[in-house]
Amino acid sequence: MSGSSERKVNETVKNLNQKASNHNKSNYNKSRDTIQSEQKKQEVLVGDLSTKFRLHQQCHHLQKLLTVERLLPAPLAEYSSFPLREALRLFGSVVTWIPLVHIRSLPYWIKDWQNLLRIYPEKNCILQIHGRAEDFREFHKHLSYIEDLVKSFPNTVIALDINAGCPMPKIAGKGSGAGLLRNLNELEEVVKIVMDNTSLPVTVKCRIGFENWQFDKIAEILIKTRPAMVCVHTRLAVEKYSGSASRRWHLVKTYFKAMKKEGIVTCINGDITDTATFLRALAEAGSDLAAVGRAQISTPAAIAQISGRLPNKLPIWFEAASLVLFLILTVNYFVRTESSRNEKVTNTQRALSFFKRFVWSAFKGARGVKGFRRELAKLDWSKISYLIELIFSFVKTNYGQEEYNRMIEYLSKVTREFT
Ligand SMILES: Cc1cc2nc3c(=O)[nH]c(=O)nc-3n(C[C@H](O)[C@H](O)[C@H](O)COP(=O)(O)O)c2cc1C
């Protein structure tokens with residue numbers, strides 16, 4: 001960014017800060033008049049302040065977790081369900097994301113999830129919601145469900161995230177997800193509604209614009225509304241997942257700086273695939289943390305490798321064993337949860353079709369992986385044991401008996417600990 005445009009941005013931010021402070025002052029004066037004139041409203045205000053105090057404490061908890069973590073798994077619809085979230089936790093991720101729950105279906109979704117939470121407890125999840133501005137105008141209807149969830153399962157949901165980035169026609173085309181970026185007044189309205197109506201910290205995940213660069217205007221809104229965290233995927237919505245996000249990391253730096261001044265945690269996202277890109281993204285965007293999307297779809301240990309908790313090159317026995325453990329976790333979860341929509345599909349089939357998405361991109365760059373994928377394509381998917389056999393024989397054939405023995409040894413040790 002050139003010196004003059006940087007100055008311009010700084011000026012905008014200064015104006016924004018001034019505006020925010022005037023806004024607060026006038027709000028304060030209004031509240032003072034109200035207190036003096038009406039006793040009843042005073043009680044409401046006190047209640048409101050105590051909620052704000054609680055909110056402040058919760059934001060502090062979230063922000064502490066986030067800044068310790070520095071690398072988050074980004075939400076991936078159809079992937080980030082319980083088995084992946086649990087695998088991520090096993091490999092050290094503290095915070096995980098639950099993707100794309102439509103605001104209108106939130107009450108039913110929460111009820112279902114509460115039943116599951118009794119069997120599969122979870123902690124520190126960011127629950128992502130989406131909808132059009134007009135759906136959010138009815139947000140108050142869902143409050144009791146959210147409050148009930150928070151009370152019954154403390155620290156399970158630690159933030160509500162507003163999706164302002166999903167580009168898919170069935171979402172953005174209806175004005176939800178990245179559709180909110182087509183009319184920034186709606187984005188502002190949605191963020192305000194959610195922030196004013198929940199005791200949970202609110203975060204926003206967005207893109208840098210819909211068809212064109214709009215992040216200056218988006219940042220203006222976010223600095224004004226001050227969510228707890230802003231996560232930016234540095235692509236335009238129309239680009240979907242193509243083009244380079246990494247070339248644009250540096251473009252958000254000035255805005256992130258201004259956000260941080262307001263106490264907003266910043267998170268950069270897009271094209272982070274290894275430790276080098278993770279560190280570069282943090283530096284170029286001047287970001288507090290980073291989120292990894294598609295790189296999660298290989299080994300469930302990918303995030304731990306990128307963050308440096310595990311080495312970049314994993315021994316094949318460990319990768320294979322992790323995959324088998326992830327398969328066991330997946331099957332266990334799907335088999336124990338009711339298949340609600342399609343009675344013709346068994347829970348084992350559901351588990352396998354979920355797992356298939358990961359196994360195809362497993363063992364990237366490993367010796368003999370092409371042969372493994374060929375065998376995978378021919379596999380009779382009716383039995384889980386066939387799949388485990390295939391993974392075992394891939395290790396034995398390409399890496400030898402010793403590697404195979406280590407895998408079996410590790411698996412028997414871990415599964416013994418599980419049971
Ligand atoms: C299959 C898939 C599903 C996704 N689902 C969501 C979602 O539900 N919510 C969301 O905010 N982003 C979603 N994303 C976007 C990712 O979170 C992330 O922003 C994007 O993939 C860019 O990061 P990456 O380059 O590391 O993959 C999805 C992306 C993919 C590929």
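**Exercise 1: a strand and its partner**

Task: find how many bridges join β2 to strand β3.

Solution: 5 bridges link β2 to β3 (residues 125-130), and the two run parallel; strands pair if DSSP finds at least two bridges between them. Strands are DSSP runs (E, at least two residues) and helices are too (H or I, at least four), numbered from the N terminus. Now follow the chain: it leaves β2, passes through helix α4 (residues 106-119) and reaches β3, a right-handed β-α-β crossover. Right-handed means that, with the strands pointing away from the viewer, the path from the first strand over the helix to the second runs clockwise.

By the way, this is a predicted model, where local features need pLDDT of at least 70 and side-chain atom pairs count only at pLDDT 80 or more, while totals for chains, interfaces and linings use all residues. Residue numbers start from 1 along each chain as its sequence is written.

**Exercise 2: enclosed or open**

Task: work out why β2 is largely enclosed by the rest of the structure, and whether Tyr-241 is buried or exposed.

Solution: first, the cut-offs: 20 or more other C-beta atoms (placed from the backbone) within 10 Å of a residue's own make it buried, 12 or fewer exposed, and in between partly exposed. In β2 (residues 96-102), 6 of the 7 residues are buried, so the strand is largely enclosed. Tyr-241 has 12 other C-beta atoms within 10 Å, so Tyr-241 is exposed. You'll find Tyr-241 in the loop between β6 (229-236) and α10 (253-261).
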